[in-house]
Amino acid sequence: MEFREVVDRRRTVREFTDAPVEFASIERIIEAGMKAPTWDHWRDWQFIVLHERKDKKRAFAYAKRVVQRFDESRYENRQLNLSQKMYAYAMPRQYTMLVECPYVIVPLFRCKKLNAEWVSKLNPLADAWCVAENMMLAATDESLGCSLRIPLNREHDVVLEVLGVPAGWMTPCFIGVGHPNPDERLPEQCSASPVGHIHHGRWAGPGAQGRLSL
């Protein structure tokens, strides 16, 4: 698959078929993740791979509770913007998209506590997201799809404790991998055109003033 086709086809999948996935594909996907840039040059990442349904159900019980609390009726018979439409579609699938796919990959990066005082303090997290994106692109190249869940509030610590992850490690997300259901409804997407998003030399739009001087 050509690179631009991979980029164009990569999307979040929330419904999968029962078709099996060869573990060799999972290994290649993780290998692609290992080729991401790393601020400390160590590539000190670890990956937990969940395949058995019972293990996925145990790990993502928190997501199941989040879904059970979600009130879909709040979004019925309302004029919704694009973000609200996507939220209303995605939330009911936050548990099933992980439990019902063949594999879930949990990428782990070494970090005791996030510190966002300066952008540079988030280097370990930024690298972990590069790992995740590499893996999602690699999955697309394997003609597979990925679901993506960012852990909500305490969910991060709950899941890592269930999975036996030692202190000092964090995860940016949970990535489900499988064959996309061809009948899944594709929600409306925002335009990916760069037109109107590029500034030459300096910010040229509203809010250009008011930044701190050096």
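Tutor: V159 counts as buried because its relative accessibility is 0%; buried means under 20% relative accessible area, exposed over 50%, and partly exposed in between, with a 1.4 Å probe and protein chains only. The model is predicted, so local features need pLDDT of at least 70 and side-chain atom pairs count only at pLDDT 80 or more, while totals for chains, interfaces and linings use all residues. Residues are numbered from 1 along each chain as its sequence is written, and side-chain values use heavy atoms, with hydrogens and water left out.

V159 belongs to helix α8, residues 155–162. Helices (H or I, at least four residues) and strands (E, at least two) are DSSP runs, numbered from the N terminus. Apart from neighbours within four places in sequence, V159 is in contact with A59, F60 and F174; contact means heavy atoms within 4.5 Å. From V159 to S83 the C-alpha distance is 27 Å, and the two are 76 residues apart in sequence.

The loop between β3 and α8 holds N153. With 64% relative accessibility, N153 counts as exposed. Its phi is positive, near 50°, although N153 is a residue other than glycine. N77, in the loop between α4 (61–69) and α5, also has a positive phi, about 55°, and is not a glycine. N77 counts as exposed, at 83% relative accessibility.

Strand β3 covers residues 145–149, and four of its five residues are buried. β3 and β5 run antiparallel and are joined by five bridges; two strands pair if DSSP finds at least two bridges between them. L148 has I175 as its bridge partner in β5.

In the segment after β5 (174–178) comes E184, which is buried with a relative accessible area of 6%. The side chains of E184 and Y89 are joined by a polar contact of 2.7 Å. A polar contact is a pair of N or O atoms within 3.5 Å; within protein, one must be able to donate a hydrogen and the other to accept it, and residues adjacent in sequence count only if both atoms are side-chain atoms. A polar atom of the E184 side chain also lies 3.3 Å from the backbone nitrogen of R14. Y89 is in helix α5 (residues 82–90), where A88, Y89 and A90 are buried. At the start of α5, a side-chain oxygen of N81 comes to within 3.1 Å of the backbone nitrogen of S83.

Elsewhere, helix α2 (residues 23–34) packs with helix α7 (residues 123–141) at an angle of about 145°, the axes being 7 Å apart. Axes are lines fitted to C-alpha atoms, for helices over the stretch in contact, and angles run from 0 to 180 degrees between N-to-C directions. The contact involves I29, I30, A32 and G33 of α2, and V131, N134, M135, A138 and A139 of α7.

As for the whole, the protein chain has eight helices and five strands, and buried residues make up 39% of its 214 residues. Of the contacts in the protein chain with a separation of 6 or more, 81% are between residues 24 or more positions apart.
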